[in-house]
Structures are given as structure tokens and as C-alpha cells.
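Here are my notebook entries on how this chain packs on the inside.

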Amino acid sequence: MRRYGKHTDEDDIRSRPGRRGTRPRTNIRPKHEDAAEGMVLTVDRGRLTCLVEDRTILAMKARELGRKAAVVGDRVALVGDLSGKKDTLARIVRIEERSSVLRRTADDDDPYERVVVANADQLAIVTALADPEPRPRLIDRCLVAAFDGGLEPLLVLTKSDLSPPDKLLELYGDLDIPYVVTSREELENGDAADRVREFLDGRVTAFVGHSGVGKTTLVNALVPEDRRRLTGHVNAVTGRGRHTTTSALALPLERADGWVIDTPGVRSFGLAHVDPSRVIHAFPDLEPGTEGCPRACSHDEPDCALDAWVAEGHADPARLYSLRRLLATREPTEGD
């Protein structure tokens with residue numbers, strides 16, 4: 001049986017609309033000019049806790065952002081329910097340009113680069129002088145990541161009651177890195193937090209360190225109202241600490257204008273993503289000498305122009321040694 005007459009044309013045929021409707025597709029996206037500004041405080045399985053004015057908002061990334069991920073410290077634009085009430089969810093529609101990034105890879109052979117923290121001004125590298133023993137190569141790698149990402153480094157040395165800091169500080173004297181030395185007693189009575197806070201006021205500081213060095217204990221002292229319920233302990237057999245922080249978390253400083261970003265304890269810090277030409281920016285006394293370097297110079301090869309620059313008296317040889325020692329940390333070694 002014919003559904004239509006003998007003389008049908010296309011206008012007579014009924015078409016069923018598609019599942020997405022009949023609205024024409026367009027590449028024009030909404031500008032969200034009325035979106036609220038916020039800061040990402042933490043990220044947990046696709047849900048982002050953001051600070052909008054004085055409210056914490058739970059949000060998810062909008063589909064239009066594609067694969068671009070927001071990380072702790074990011075400045076973002078949000079739309080939707082911004083009340084912060086229970087069971088509400090906002091959308092992040094824009095991630096603002098970053099002023100700095102702390103990146104790392106799982107190891108030196110891993111091509112996947114992971115952004116850990118965005119928009120931090122400073123990287124506090126927390127290291128115990130004993131229990132567990134300090135790892136200078138890990139410190140060097142954190143310094144390279146700081147210089148590469150545009151963060152100023154700060155050394156925080158803990159447990160000075162177990163071992164003096166002189167030998168470790170001697171390794172970094174030529175880098176002119178600010179430092180704070182604390183003891184376990186000072187961590188407990190709050191004196192350490194007061195001295196560290198002087199370096200953090202008015203800045204966003206990311207804290208990194210090997211597990212068990214007292215990083216989270218120090219953060220708890222700096223932000224007591226957000227004290228973590230767990231503090232790890234050092235394994236007496238391996239000398240390594242238990243992870244007490246599982247995801248990065250931004251916390252406002254107490255009695256100061258600034259932010260602390262606590263990050264999970266690290267066992268390795270891959271630098272597969274680091275370009276030597278960016279690390280040299282942290283050495284302004286050496287950087288002019290690179291103008292005569294061959295293209296893609298590693299700054300540690302026979303044709304490097306820095307050797308002649310230093311020999312002519314433009315910079316201290318110890319500074320060139322420090323630069324090359326830091327760049328050498330990109331090469332993996334056994335036990336790093």
C-alpha cells in the first residue's frame with residue numbers, strides 16, 4: 001500500500017527531527033561575560049572546590065573547555081548555582097591565563113607533563129636534615145622545576161635538632177636561595193610557623209617535600225583551623241614516610257595575607273619537560289653569556305659560550321658550576 005500519492009515531491013515527505021533537534025550547529029560559544037571569578041582550592045575526581053568571594057563552591061568543568069584541565073591555584077570563571085549550598089553544582093567555563101606553573105612528570109622518560117599548581121609565587125622545598133636523610137638531587141630537581149615554571153624557591157630545613165644544616169646549606173650558597181631552619185620543638189610550639197610565615201606574607205606558596213619531612217605538620221601550624229586529621233610517620237626500616245596528603249589543597253594563611261598550597265609527598269620529580277633555555281633565566285649574571293652559544297645548547301658541552309664568559313670575569317665560576325649541577329639533575333641516576 002502506498003503511503004503517499006502518485007505525484008509526490010520532497011515537500012510531501014515528513015522527516016523526523018534528529019535527537020539533537022533541528023537547531024543549526026554553530027561554532028559560536030557564549031562569552032559568559034557575567035561569570036563570577038573564583039580560585040580553585042582543590043580537585044577531587046572531576047569535582048573542583050572553588051572560592052568565590054567568601055563562599056566555597058563545588059563545580060565541574062564545562063564541556064566546551066575540552067581537555068583543558070583546571071588545577072589548584074587556577075583563576076577561573078564560573079556560572080550556574082553559586083550559592084555554595086549542599087547538592088549544588090556550578091560550571092567552570094573559562095580558565096584564566098596563568099602567571100606561573102609548577103610541572104612535573106612521573107619520571108624522566110615519561111612524555112606526559114602534569115601541572116601540579118598554577119599561579120604560585122613561591123615554591124617552598126621542605127627537607128628534613130635527618131630522619132629521613134636529605135636528598136640533594138631531589139632538592140635540585142625541585143629548584144629546576146621552580147626556575148622553569150617562574151616560581152621563586154625557598155628552602156625550609158626541618159629537624160635541625162637531629163643534624164646541623166651547614167653542610168647542606170653550603171651546596172646552595174652560590175644560588176642565593178632564601179632559607180629557614182627549624183627544629184622539631186619549634187614545629188610543635190609554633191615558633192617555626194612564625195618564622196616561615198614571614199616569607200609567605202602576601203604570596204601564594206606551594207609546599208613540596210619528601211614524605212615524612214614535616215611538611216604537612218608545618219602547614220597545619222600555619223593554618224591550624226584547617227588542621228589535617230592525619231600526620232604520617234617515618235618507616236624505621238625504609239627511612240621513608242607515609243603519604244599524608246593525597247591531593248593538592250590551597251589554604252589561607254593565619255595572621256597573614258597569603259595562601260599555602262599543600263601538595264602530596266613526592267618520591268620522585270621527573271623533569272622530562274624542562275627546557276635548559278628556561279632554567280638559565282634564574283641566572284641573570286650568566287644569561288647574557290649565552291648569546292654566543294650554539295643553537296639548542298645544553299650549556300654543558302664543549303662549544304658552550306658560558307665557559308668563555310666566566311673566564312673573562314663576567315660571572316663567578318661557582319655560579320656556572322651550580323647551573324650545570326642543576327641541569328645535570330635532568331639525567332636519571334640509580335636511587336634518585
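I call a residue buried when its relative accessible area is under 20%, exposed when over 50% and partly exposed in between, with a 1.4 Å probe and protein chains only. Helices are DSSP runs of H or I with at least four residues, strands are E runs of at least two, and both are numbered from the N terminus.

A note on the source: this is a predicted model, where local features need pLDDT of at least 70 and side-chain atom pairs count only at pLDDT 80 or more, while totals for chains, interfaces and linings use all residues. Residues are numbered from 1 along each chain as its sequence is written, and side-chain values use heavy atoms, with hydrogens and water left out.

**Helix α5.** I checked residues 215–222 and found 6 of the 8 buried, so by the cut-off above the helix is mostly covered. The buried ones are K215, T216, L218, V219, N220 and L222.

**Cores.** I took a nonpolar core as buried Ala, Val, Leu, Ile, Met, Phe, Trp, Tyr and Cys residues joined through side-chain atoms within 4.5 Å. The largest has 53 residues, and L123, L143 and L323 have the most contacts inside it. Helix α1 (residues 136–149) gives the largest share, 8 residues. A second, separate core of 20 residues includes A124, L187, V219 and V260.

**Rings.** Which rings pair up, with centres within 6.5 Å? I found 1 aromatic pair. The ring centres of F147 and F283 lie 6.1 Å apart with planes at 70°, so the pair is edge-to-face (planes over 60 degrees apart; under 30 is stacked, the rest tilted). F147 sits in α1 and F283 in the loop between α6 (276–279) and α7 (306–311), so the pair ties together parts 136 residues apart in sequence. Both F147 and F283 are buried.

Key
Rings of Phe, Tyr and Trp (its six-membered ring) pair if their centres lie within 6.5 Å; planes under 30 degrees apart count as stacked, over 60 as edge-to-face and the rest as tilted.
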